[in-house]
Amino acid sequence: MFLRSCLTPAAGLLLCALTGPAAAAPSQDPTFAHAGNARLLSTDEAAPIKHAVIGLQRTALPLALGIVVDTSLLADAALAANVGARWGAEWGRHRFVLGARYTQFLGNSLIADAIAGQENSPVKRFDVSFGGPSAYALYGVVLGPLLVQAEVRHSRYQTVSTTATAAAVFNFAHRFAVVGELGVRVSHQGERTQNDNPTGYPLRGALGLRYAGENLGASLGVAYVDLTEPMLPYNNGRVPFVPAFDLSWTFQ
């Protein structure tokens, strides 16, 4: 009895020393809250997609080794059918992504018929040949609650363009984050159209909030695009800002 009473306090101290750090680890988990569909506001997120996800900006199905096939439901709803492949990986705090996508606009005849049916329409003919491939690469680094990343995207649609975008995501309250994006879009020599900003290399950017839950994901913000569409009946066809939003559900 005397031996047991003497060993019990020592054993208790040893048990606390061994289990204390392990028990405290979950409450101090530094894991960054990535979105299930790996989207920010108007650009990709430097993160792998680990589970099947249905989302407006991206719906994806993982295959193996970090590779997924994906599509954008928003683009599909706008009759721009698209399919892509994406690879993502993480090593420690570093994030790497490579991806490609092919898009084809299918609504040319539908819109042309609708315009032709309007007797007083100023547009007499509508012909859009929108389609082609795009490829992109991202690198990001997670610094506690902060993700800093860079994306380079090359597209060959109606015009040939390359966009470079830097972004930062700060998790200020667990899974809630503020997102900022800033980039520049370069239309290659001889490929500019009336939809491009004629004053130089147009800037791109976005600012908003994001929630990255284990299942539910959502984002809302505003994106600076500075596009010109002559068919629009206001502001001389110039569209400086558009809303940036997303909603997704991750199956895990």
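Phe-176 is partly exposed in this predicted model, with a relative accessible area of 43%. Tyr-211 is also partly exposed, at 27%. These residues bring us to the aromatic pairs, of which the structure holds 5. In the pair formed by Phe-176 and Tyr-211, the ring centres lie 4.8 Å apart and the planes meet at 50°, so the pair counts as tilted. Phe-176 belongs to strand β9 (residues 176–187) and Tyr-211 to strand β10 (residues 203–212), so the pair ties together parts of the chain that are 35 residues apart in sequence.

Other aromatic residues also come together. One aromatic cluster is formed by Trp-87, Trp-91, Phe-96 and Tyr-139.

Is Glu-45 buried or exposed? Its relative accessibility is 0%, and because buried means under 20%, Glu-45 counts as buried. The side chains of Glu-45 and Arg-210 are joined by a polar contact of 3.0 Å. Beyond its neighbours within four places in sequence, Glu-45 is in contact with several residues, including Phe-32, Arg-86, Val-97 and Leu-147. Ala-168 is 123 residues away from Glu-45 in sequence, yet their C-alpha atoms are 9.8 Å apart in space.

For the protein chain as a whole, there are 3 helices and 12 strands. Of its 252 residues, 36% are buried. Among contacts between residues at least 6 apart in sequence, 49% join residues at least 24 apart. The accessible surface comes to about 14,600 Å², with 68% belonging to carbon and sulfur atoms.

Note on methods: Residues are numbered from 1 along each chain as its sequence is written. This is a predicted model: local features need pLDDT of at least 70, side-chain atom pairs count only at pLDDT 80 or more; totals for chains, interfaces and linings use all residues. Side-chain values use heavy atoms; hydrogens and water are left out. Helices (H or I, at least four residues) and strands (E, at least two) are DSSP runs, numbered from the N terminus. Buried means under 20% relative accessible area, exposed over 50%, partly exposed in between (1.4 Å probe, protein chains only). Contact means heavy atoms within 4.5 Å. Accessible areas come from the Shrake-Rupley method with a 1.4 Å probe; for residues, only the protein chains shown count as cover. A polar contact is a pair of N or O atoms within 3.5 Å; within protein, one must be able to donate a hydrogen and the other to accept it, and residues adjacent in sequence count only if both atoms are side-chain atoms. Rings of Phe, Tyr and Trp (its six-membered ring) pair if their centres lie within 6.5 Å; planes under 30 degrees apart count as stacked, over 60 as edge-to-face and the rest as tilted.
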